[in-house]
Amino acid sequence: MPFLRKIASLEPVSRLRYRFEVLRRMEGVHERECPLCGHRGMFRAHGLPPRFDACCPACGSLERHRLLGCYLLDQAESLLAGRRVLHFAPEPCIAQALQSAPLAAYVTADLHEPAVDERLNIEKIDKPSNSFDLVLCSHVLEHVDDRQALSEVHRILSPGGTAILMVPIVEAWTRTYEDEGIRTHRERELHFNQRDHLRFYGRDFRSRVKETGFETLSEFTAHGELAARYGLTRGETVFTARKPGSPVSA
C-alpha cells in the first residue's frame, strides 16, 4: 500500500506536466508549409478540443482550406482556366489565392455573411440555369437541406460543369447520421459536433450527390508526405462532381 500511496501523490505532478505540454504545443509542434500563402514555420493550434499545427499564422488557413488549396493549385489549368466560378461561404484564404487564377468570372456568395459579392441561398439559388462552370462548396452542405442544395448547384452549372465539395464525413459509417428530432444547439453539438450542423455524413455521401443528377465523382485525399508537409488531416477528402454533358472550352 505505501507504493500505491506514493503513486497517488505523484499524480497531480503528472497532470501538471501534461498541462504544460499541451500549452507548449499550442504555438506549434512541427514546422509546416501553407500552399495558399507560402508561409513556412510553426502553425498554431485551433479548435475545441485544440488541434495542434492546425492554423497558418499568416493567412489563417485551416487543414481543410490547405487541402482544397493543394487540389485547386494542382488542377488549376484544367479546373479553373477560363471558368465562371461561384464560391459559396468563401474562405478568405481561398478567395485571395483565387484572385490570381485565370478565371472568366469569380463570384462569392453567402446567405448571411455581408462581405460577399451576392446574397444567395444555396437551397434556392437566384441565378439562371447553366450560368456557372464551377461551384466551390466546402463545409456548407451539412448546414442545409443538402439534396435541395445539390439539385440547385446542378441546375446552375453548365453542361460538363464541376462542383467541388467538402463535408465532415466518417468513412467507417455506411449511412449518414441525421435526425430531425435533434433540434437545439446543444443537441446538435453533441450529435453532430457543431451547434449549426444537421448531419454527419457517412460513405453514402457519394450516392447522395449522384442522386441529384451528377454523373461522375472523383476524390482527392490527403496522405503521406503531403499531409505532413502542409499540416493536413489524414484521410480528409475533396470530392469533385461533374454534371453530364460536354465541358466548356477554356
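Glu118 is partly exposed, with a relative accessible area of 26%; this class lies between buried (under 20%) and exposed (over 50%), judged with a 1.4 Å probe on protein chains only. The residue forms a salt bridge with Lys127, and their closest N and O atoms are 2.7 Å apart. Such a bridge requires a side-chain nitrogen of Lys or Arg within 4 Å of a carboxyl oxygen of Asp or Glu. The whole structure contains 17 salt bridges.

This is a predicted model, in which local features need pLDDT of at least 70 and side-chain atom pairs count only at pLDDT 80 or more, while totals for chains, interfaces and linings use all residues. Residues are numbered from 1 along each chain as its sequence is written, and side-chain values use heavy atoms, without hydrogens and water.

A network of salt bridges links Asp146, Glu178, Arg199 and Arg208. Arg208 belongs to helix α7 (residues 205–210) and Glu178 to strand β10, so their bridge ties together parts 30 residues apart in sequence; helices (H or I, at least four residues) and strands (E, at least two) are DSSP runs numbered from the N terminus. Arg208 is buried, at 4% relative accessible area, whereas Glu178 is partly exposed at 34%.

Aromatic rings form six pairs. Rings of Phe, Tyr and Trp (its six-membered ring) pair if their centres lie within 6.5 Å, and planes under 30 degrees apart are stacked, over 60 edge-to-face and the rest tilted. Trp173 and Tyr177 are edge-to-face because their planes stand at 90°, with centres 6.2 Å apart.
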